[in-house]
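Dear colleague,

Please find below the structure that I am handing over to you.

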Amino acid sequence: IQLTFLMYYFLLESIYKMFRIALLLSALVAATAFTNVARLSRSNTLKMSTELFPENPTGLTGDLAPTGFFDPIGLSKGKDAATLKQWRDAEIKHGRVCMLAAFGLLTQELLKNPLGIDGPAIRHFDLVDSKFPEFATVFLLICAFIEGWTITNKWEPRSETRGLNRAARLKADSEPGDLNWDPLEWYPTDPKEQAIIKTKELQNGRLAMLGVAGIVAQELIDGKEILCHFQKVCA
């Protein structure tokens, strides 16, 4: 009986040890599996993130979370640095024009202008000639002066590009959008702060371009002032 009891005891102890080993092995396998799945999921997420929003290859400022470098249709692919810099210069210029335009469109409808012109702001240019015939000439001269100064000081001279069989580009040392005009001395000297200021200007300019496009489209469609839509009192 004692021998039978001892055999039974050792058998139970062996089964218990085997059960513990099996349980430990299963835990290790499960942990390894979940680790691999998590690692795979994380790598797939990173891969998807880099595919949708890759790192900025241009070296230009303007990235903003959560998209970072946003070029979904690949306009920047295959373009050299000089071309991208020209595009950025054009983007900054259009953004500045639209920021001024957004301010002008809204204030023209909010306030009574000195010439007594009223109605949708997009039609004010059509009506100003009868009140101030010289306006178009003065406006074009101001634009021509700014563009002429930019071309003369920021772009390659024709003498350098005549033999290269290509159009002139921004000079290598020219910064996109820099007109050397900072009368209030707001532009910081710290490079990090400069990058922040440039990004803010770009983002506000992009928003203004979208906003002005919406205002113009809405007023062209229904012929009413844009602000009356916010007041819900469109006569």
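Cys143, in contrast, is partly exposed, its relative accessible area being 35%. The count of disulfides comes to zero. Please bear in mind that the model is a predicted one.

Overall architecture

The protein chain holds seven helices and zero strands. Read from the N terminus, the order of its elements is α-α-α-α-α-α-α. Of its 235 residues, 18% count as buried. When contacts between residues at least 6 apart in sequence are considered, 55% of them join residues at least 24 apart.

In soluble globular proteins, nonpolar side chains tend to be buried together. In this model the largest nonpolar core is made up of ten residues, namely Cys98, Ala102, Leu105, Ala121, Ile122, Ala208, Val212, Ile215, Ile226 and Leu227. Two or more residues of this core come from each of helix H2 (81-110) and H6. Cys98 belongs to this core. Apart from neighbours within four places in sequence, Cys98 is in contact with Ala208, Met209 and Val212.

Helix H6 and Thr199

Helix H6 covers residues 191-222, and Thr199 is found in it. Is Thr199 buried or exposed? With a relative accessible area of 14%, Thr199 is buried, since the value falls under 20%. Its contacts, leaving aside neighbours within four places in sequence, are with Thr61, Gly62, Asp63 and Leu64.

The cavity

There is one cavity of 30 Å³ or more. The volume of the largest cavity is about 40 Å³. Which residues line the largest cavity? They are Glu91, Ile92, Gly95, Arg96, Met99, Glu201, Leu202, Gly205 and Arg206. H2 and H6 are the elements that give two or more residues to this lining. H2 has the largest share, with five residues. By residue class, the lining of the largest cavity divides into three nonpolar, two polar and four charged.

The second largest pocket

The second largest pocket contains about 650 Å³ of space. It is lined by 24 residues, of which Phe69, Phe70, Asp71, Glu91 and Arg206 are the closest to its centre. Glu91 and Arg206 are also among the residues that line the largest cavity. H2 and H6 each supply at least two residues of the lining of this pocket, and H2 gives the most, with four residues. The lining of the second largest pocket divides into eleven nonpolar, eight polar and five charged residues.

Phe135 and its surroundings

Phe135 has its place in helix H4, which comprises residues 135-154. Its relative accessible area of 25% makes Phe135 partly exposed, because that value lies between the limits of 20% and 50%. Leaving aside neighbours within four places in sequence, Phe135 is in contact with Phe125 and Val128. Phe125 and Phe135 are ten residues apart along the chain, and their C-alpha atoms are separated by 9.2 Å.

Backbone angles in the loop between H5 and H6

Most residues other than glycine have a negative phi. Asn165 is not a glycine, yet its phi is positive, at about 55°. Asn165 is placed in the loop between helix H5 (158-161) and H6. Is Asn165 buried or exposed? Its relative accessible area is 75%, so Asn165 is exposed, the limit being over 50%.

Asn180 likewise has a positive phi, near 55°, and is a residue other than glycine. The loop between H5 and H6 also holds Asn180. With a relative accessible area of 54%, Asn180 is exposed.

With kind regards

How values were computed:
Residues are numbered from 1 along each chain as its sequence is written. This is a predicted model: local features need pLDDT of at least 70, side-chain atom pairs count only at pLDDT 80 or more; totals for chains, interfaces and linings use all residues. Side-chain values use heavy atoms; hydrogens and water are left out. Buried means under 20% relative accessible area, exposed over 50%, partly exposed in between (1.4 Å probe, protein chains only). Contact means heavy atoms within 4.5 Å. A nonpolar core is a set of buried Ala, Val, Leu, Ile, Met, Phe, Trp, Tyr and Cys residues joined through side-chain atoms within 4.5 Å. On a 1 Å grid over the protein atoms alone, a cavity is a set of points where a 1.4 Å probe fits but cannot get out, and a pocket is an open set with protein on both sides within 12 Å along at least five of seven lines; lining residues have an atom within 4 Å of a point. Grid points are joined across faces, edges and corners, and a volume is the space filled by probe spheres set on the points. Ala, Val, Leu, Ile, Met, Phe, Trp, Tyr, Cys and Pro count as nonpolar, Asp, Glu, Lys and Arg as charged, and the others, Gly among them, as polar. A disulfide is a pair of cysteine sulfur atoms within 2.5 Å.
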